[in-house]
Structures are given as structure tokens and as C-alpha cells.
Amino acid sequence: MKDYDIKKYTKRLRKVLDDDRFEHTLGVSYTCAALAMRYEYDLKKAQVAGLLHDCAKCIPDEKKLQLCIKHNIQMTDVERKTPFLLHAKVGAFLAMNQYKIKDKEIIQAIINHTTGKPNMSLLDKIVYIADYIEPQRYKAANLNVVRKMAFEDINLALFQILKDTLKYLTENGGDIDPMTQKAFEYYKEEFEHSSDDVINYIKKQQEENELNELLPN
């Protein structure tokens, strides 16, 4: 099995990320490890994917565009218009060329962590969800519910995040990447009754909390 030098990667990231992004990166890596333990996935690979998912985040947008043009990295119209979204593809490029990551699953998870995609791999799901629920996140919709859901039903959590993300972008006039819409439509077929599932899930949590309050300390 590949022996990834996590300490070396972390040291390098400390130099290229700002303080907030670096702390977020550590949070995502830790959360990836926790989800990997829950779903019996390779811990090291999950940690590395989480650690490197935002390795290009702090590169200026104009430079991201230049790197994509120079290295023939394909861009969508939305990415050209909103180049901060390119950090996923540029990050995958850097992971391969600067961090010497050759594992295709890790590279794909980095590429997919912003937009998602139809039929995501387990590692894709782990990184995508960890990026949303890591400990420093606090603004996202249904965050407490999704955090618990992620450790009980990873697919339902993934769908709920896609749904909430699209709702947020629509209500706030944000650009929606076609791949995110495709991912949502793909998982919508699997969870046609997801709204009922989430409502029942929340109701169950409320009932459990009420029961716990009645129990003696």
C-alpha cells in the first residue's frame, strides 16, 4: 500500500494556504478519516484526499485560469465565469504534479469535491460531505441534521447537501454548475421521497432528545 507522507503534505500546505483555509483543511481531513472509519474505507487515502482537496484554493483566480490554459485543463462556461470553482481541477493537477499523488480515486475526489457528480465513488462522497460538515462550518442549512445523517446514511446526507446547495444558489443568484444539477437529478431518482425521509429523521431526533431530557442524570 502507498505510504503517504501526511506530515510533509501538511507542512507544505501550511505555507501555501491562509490560516482559515489551513484550519478548514485540517478539519476536512479529520472528518474524512472519521467517515472512512464509519464506512470501512482506507483511512490514509481519505485523509490525503481531505488534506489536498483545497490545495489550490488560495491561488489567485487569474492564475488558476492561466494554469488551466497552459496545461489544457478543460473548463466549463461557469468555471470561466466563476474561476474560484477551478480550484478543484487545479488542485487535482497540483496533487499529481507537486504532491506526487497517483491514486486515481484521490484525484477524482479532489476534482469532484466542489460540484459533485452522478454516481460518485465512496471516496467522492466522503470528501464532498466532509467539506460541508467539518467542525468549523456553521452557516449551512440543516447542518446539525446532516452531520448526524452523514454517519447513518451517507447517500441520504449527500442528496440533502446537493439539495440545500442548489436551493441556496438559486435563492442567492449564484451560478449553478451543470455538474451539480446533474448530480442532484441522479440522486433524486434514488431518493424520490427524501423530503419525507428527512422530516421523519428530524422528528426521530426530536423524540430522542425529548426522551433523553426525561431520563435521570
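Author: Start with Lys57. Setting aside neighbours within four places in sequence, Lys57 touches Arg21, Lys64, Phe84 and His87. This comes from a predicted model. Lys57 sits in the loop between H3 and helix H4, residues 61-70. Is Lys57 buried, exposed or partly exposed? Its relative accessibility is 26%, so Lys57 counts as partly exposed. Buried would need a value under 20%, and exposed a value over 50%. One of its contacts, Arg21, is 36 residues away along the chain. The C-alpha atoms of Lys57 and Arg21 are 7.9 Å apart.

H3 covers residues 43-52, and H7 covers residues 104-112. Their axes come within 9 Å and cross at roughly 35°. The crossing is right-handed. Which residues make the contact? From H3 come Lys45, Val48, Ala49 and Leu52. From H7 come Glu105, Ile106, Ala109 and Ile110. By class, 6 of these residues are nonpolar, 2 are charged and none is polar.

Last, look at Asp131. Asp131 belongs to helix H8, residues 122-133. Its relative accessibility is 12%, so Asp131 counts as buried. The cut-off for buried is under 20%. Which residue meets its side chain in a polar contact? The partner is His24, side chain to side chain, at 2.8 Å. Beyond four places in sequence, Asp131 is in contact with His24, Val28, His53, His113 and Arg137.

Notes: Residues are numbered from 1 along each chain as its sequence is written. This is a predicted model: local features need pLDDT of at least 70, side-chain atom pairs count only at pLDDT 80 or more; totals for chains, interfaces and linings use all residues. Side-chain values use heavy atoms; hydrogens and water are left out. Axes are lines fitted to C-alpha atoms, for helices over the stretch in contact, and angles run from 0 to 180 degrees between N-to-C directions. Helices (H or I, at least four residues) and strands (E, at least two) are DSSP runs, numbered from the N terminus. A crossing is left-handed if the near helix is turned anticlockwise from the far one by less than a right angle, and right-handed if clockwise. Contact means heavy atoms within 4.5 Å. Ala, Val, Leu, Ile, Met, Phe, Trp, Tyr, Cys and Pro count as nonpolar, Asp, Glu, Lys and Arg as charged, and the others, Gly among them, as polar. Buried means under 20% relative accessible area, exposed over 50%, partly exposed in between (1.4 Å probe, protein chains only). A polar contact is a pair of N or O atoms within 3.5 Å; within protein, one must be able to donate a hydrogen and the other to accept it, and residues adjacent in sequence count only if both atoms are side-chain atoms.
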